[in-house]
Amino acid sequence: MKLDPFYLIVDSAAWIERLVPLGLKLVQLRIKTMHEAGLRTEIRKAKALCARHRCQLIVNDHWRLAIEEGCDFVHLGQEDLQTADRSQIRAAGMRLGLSTHDNIELETAMAAEPDYIALGPVYPTILKKMKWAPQGVERISEWKRRVAPIPLVAIGGLNPDRLDGVFAAGADSAAVVTDITLNADPEARARKWIEKTDQWR
Ligand SMILES: Cc1ncc(COP(=O)(O)OP(=O)(O)O)c(N)n1
Ligand SMILES: Cc1nc(C(=O)O)sc1CCOP(=O)(O)O
Ligand SMILES: [Mg+2]
């Protein structure tokens, strides 16, 4: 499976409506706190928008709702994985991306036969508090050797200036939140990411 090299992560369908029409091909809907009805509405809107623009939607965490809404890709962390029913996810024909931050998590993730592995935080992130120190790009090369041919997603503190190093080290896709959503001009920044990642597309 080939992932687009530019993997945007946002917390609303409104962001998807704003940025996906620019030409994005891979987006994650990551909503951490919302009641179920609201989540369902957001997932439904995100799915329709992504279908219209031929963009792959990945739903973070909420795998049950993703199945019910007919989505085809979820992202889970290690804690999510402990409570998720993988057989239900697979029976629904859904693909699965998994987070990893250390060796034990990588072993656990590989045993779940995911469709991609994410490694983070590559650089310090301001989005959320993390218990792991930044991994550095060398760790990407180590992970690549261990996960190939499963695609590898790099995440955490990424920006266009850091992408040469991330892809040279072996990442297949670069996931990003704040470099775009906190930028003064998110559309211009997303265009910059699209142009920069074109060489790996
Ligand atoms: C592409 C990608 N990589 C890692 C994560 C983090 O997932 P998780 O560890 O479950 O943490 P939350 O995002 O749920 O807070 C991700 N969402 N996407
Ligand atoms: C959601 C998330 N997961 C991470 C991990 O390491 O698993 S790092 C991260 C935040 C990424 O945001 P930004 O691009 O703003 O640093
Ligand atoms: Mg999670």
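**A predicted fold and its two ligand shells**

Asn 60 is buried, because 20 other C-beta atoms lie within 10 Å of its own; a residue counts as buried with 20 or more such neighbours, as exposed with 12 or fewer, and as partly exposed in between, with C-beta atoms placed from the backbone. The model is predicted, and local features need pLDDT of at least 70, side-chain atom pairs count only at pLDDT 80 or more, while totals for chains, interfaces and linings use all residues. Residues are numbered from 1 along each chain as its sequence is written, and chains are lettered from A and ligands numbered from 1 in the order in which they are written.

Asn 60 belongs to strand S3 (residues 56-60). Beyond its neighbours within four places in sequence, Asn 60 is in contact with Gln 28, Leu 29, Arg 30 and His 75, where contact means that two C-beta atoms, placed from the backbone, lie within 7 Å.

Lys 32 sits in the loop between strand S2 (26-29) and helix H2 (36-52), and it is exposed because it has 8 other C-beta atoms within 10 Å. Arg 54 is found in the loop between H2 and S3; it counts as exposed because it has 9 C-beta neighbours inside 10 Å.

Stepping back to the whole chain, the model shows 10 helices and 8 strands; helices (H or I, at least four residues) and strands (E, at least two) are DSSP runs, numbered from the N terminus. The C-alpha atoms fill a box of roughly 40 × 40 × 30 Å along the principal axes. Of the 201 residues, 36% count as buried.

Now for the ligands. Around ligand 1 there are 14 residues, the closest being Gly 77, Ser 99, Ala 118, Ile 155 and Ala 175; a residue is near a molecule if its C-beta atom, placed from the backbone, lies within 6 Å of it. Ligand 2 is surrounded by 16 residues, and Gly 120, Thr 125, Leu 127, Val 177 and Thr 178 are the closest.

An unreviewed UniProt entry places the feature "binding site" at several positions, including Lys 32, Asn 60 and Ser 99; positions follow the numbering used here, feature names are shortened, and annotations may be inferred rather than shown by experiment.
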